[in-house]
Amino acid sequence: MSDAGRSPRDRLFDALDRLVAASATERLLISGSALLLSIAIGFVLILLAGRMTSCETAAYSLLGVGFCYDPFVVYDSLFLGAFGDVAANPLNGQLATTVSETTVLVFTGIAVAVAFKAGVFNIGGQGQLVFGALASALAVYALSGAVSGLVGTLVLVPFGLAVGAFVGGVWGAIPGALKAYADANEVITTIMLNFVATSFALYLASGPFKDPDSFANQTRGLPEFALFPQPVFPGRTDASVVALVLAIAVAVGLAYLLRRTSFGYDVRTSGLQPEAAEYGGVDAAKTVVASMALSGALAGLGGAVYVLTIAGNFQTGVPDYGFDGITVSILAGNNPVGALAAALLFGVLKSGSIVVDVSTDVPPQLVGVLRGLIVLFVAMPEFFRMVGARVDVRDRFGGNRDAVATDGGEEA
């Protein structure tokens with residue numbers, strides 16, 4: 001039957017089928033096209049906002065019409081500004097900010113990816129990160145009086161990472177167990193546990209463990225030797241290439257775990273075809289708990305890295321790295337290695353937004369819209385591909401679909 005004789009619904013299903021079967025190269029081209037489209041739409045929005053704003057001198061002119069905001073300057077600051085003036089100073093402070101943001105986002109991105117692979121929606125990464133950060137800060141501070149110097153670094157940094165991962169893992173295992181053994185909806189439980197974690201952390205940081213010398217709700221600061229080494233960026237204590245290398249190593253190791261081990265096979269099959277997995281001998285309940293515990297451990301590890309690199313202690317109002325990790329994972333197609341590139345994009349956007357705010361008159365709200373457009377357009381094709389790979393849409397809404405749910409083949 002020709003396309004002209006097909007219903008819009010059938011054409012939509014065919015498009016979804018082609019998206020599910022897209023190769024890694026095709027998916028990359030789709031994401032690149034979506035990025036360009038989001039930039040084009042943002043270009044128009046910047047011009048419109050510039051026309052609705054009063055200014056003494058137009059920053060940009062087009063066809064004889066003046067605009068208060070220059071879209072080229074905005075996008076230059078947003079993307080290239082995140083790397084600073086590399087020619088004049090390859091190790092500048094803005095690049096350090098991008099590195100620190102990217103590092104934490106790698107951990108939260110791969111944390112969400114593990115749960116998604118198992119067919120579980122972990123929306124609780126923020127709470128797991130907060131508890132991991134708090135536990136790491138308290139544990140490292142308690143032990144910091146017993147060691148010092150290089151020995152202190154070699155002991156306290158791994159110790160802080162282990163504590164953060166353990167506490168985050170325990171907090172992640174709770175909604176996993178509730179889903180596995182009580183059939184509780186993990187979206188609801190993880191969201192509620194986010195509130196529990198942030199509220200309890202606020203109580204501890206403003207009460208029993210508050211820094212008595214600070215008006216802010218935060219714990220005591222950690223000594224410098226208890227933080228990640230900072231060998232690359234002179235004068236900056238909030239960015240560590242060592243931590244970034246650790247994040248890359250963990251992402252690569254997780255990719256190997258998911259693709260080359262029996263545990264990874266159990267996780268992937270449980271996420272794709274739970275009934276078939278159980279028929280094949282996979283303990284679905286145990287796999288759900290284990291995957292959520294691993295997901296929480298990775299988020300908690302990100303919280304520990306946040307404390308041991310960026311913050312230097314635990315402070316309330318931790319940035320929403322856990323929620324950003326959801327989009328990082330979707331953008332990466334739940335591929336831990338792909339999460340490295342997705343986290344870098346997020347890190348660039350977060351760091352570049354600071355440059356736009358400082359160097360231009362563009363309001364922060366418009367910058368947020370531009371960031372949201374980029375994330376939405378780039379992530380949505382991959383989101384629909386993931387949904388189509390797991391759900392037989394034709395069977396749900398009528399019609400026939402010959403393809404069965406798969407994981408989309410080998411990951412890019």
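View 1. At 39% relative accessibility, Cys55 falls in the partly exposed class (from 20% to 50% relative accessible area; buried is under 20% and exposed over 50%, with a 1.4 Å probe and protein chains only). Bear in mind that this is a predicted model, where local features need pLDDT of at least 70, side-chain atom pairs count only at pLDDT 80 or more, and totals for chains, interfaces and linings use all residues. Residues are numbered from 1 along each chain as its sequence is written, and side-chain values use heavy atoms, leaving out hydrogens and water.

**View 2. The Cys55–Cys68 bridge.** The structure has one disulfide (a pair of cysteine sulfur atoms within 2.5 Å). Here Cys55 pairs with Cys68, S to S 2.1 Å. The S-S torsion is about -90°, so this disulfide is left-handed. Cys55 sits in the loop between helix 2 (24-51) and strand 1 (60-62), and Cys68 in the loop between strand 2 (65-67) and helix 3 (71-80), so the pair ties together parts 13 residues apart in sequence. Helices (H or I, at least four residues) and strands (E, at least two) are DSSP runs, numbered from the N terminus.

**View 3. Cys68, the other end.** With 13% relative accessibility, Cys68 counts as buried.
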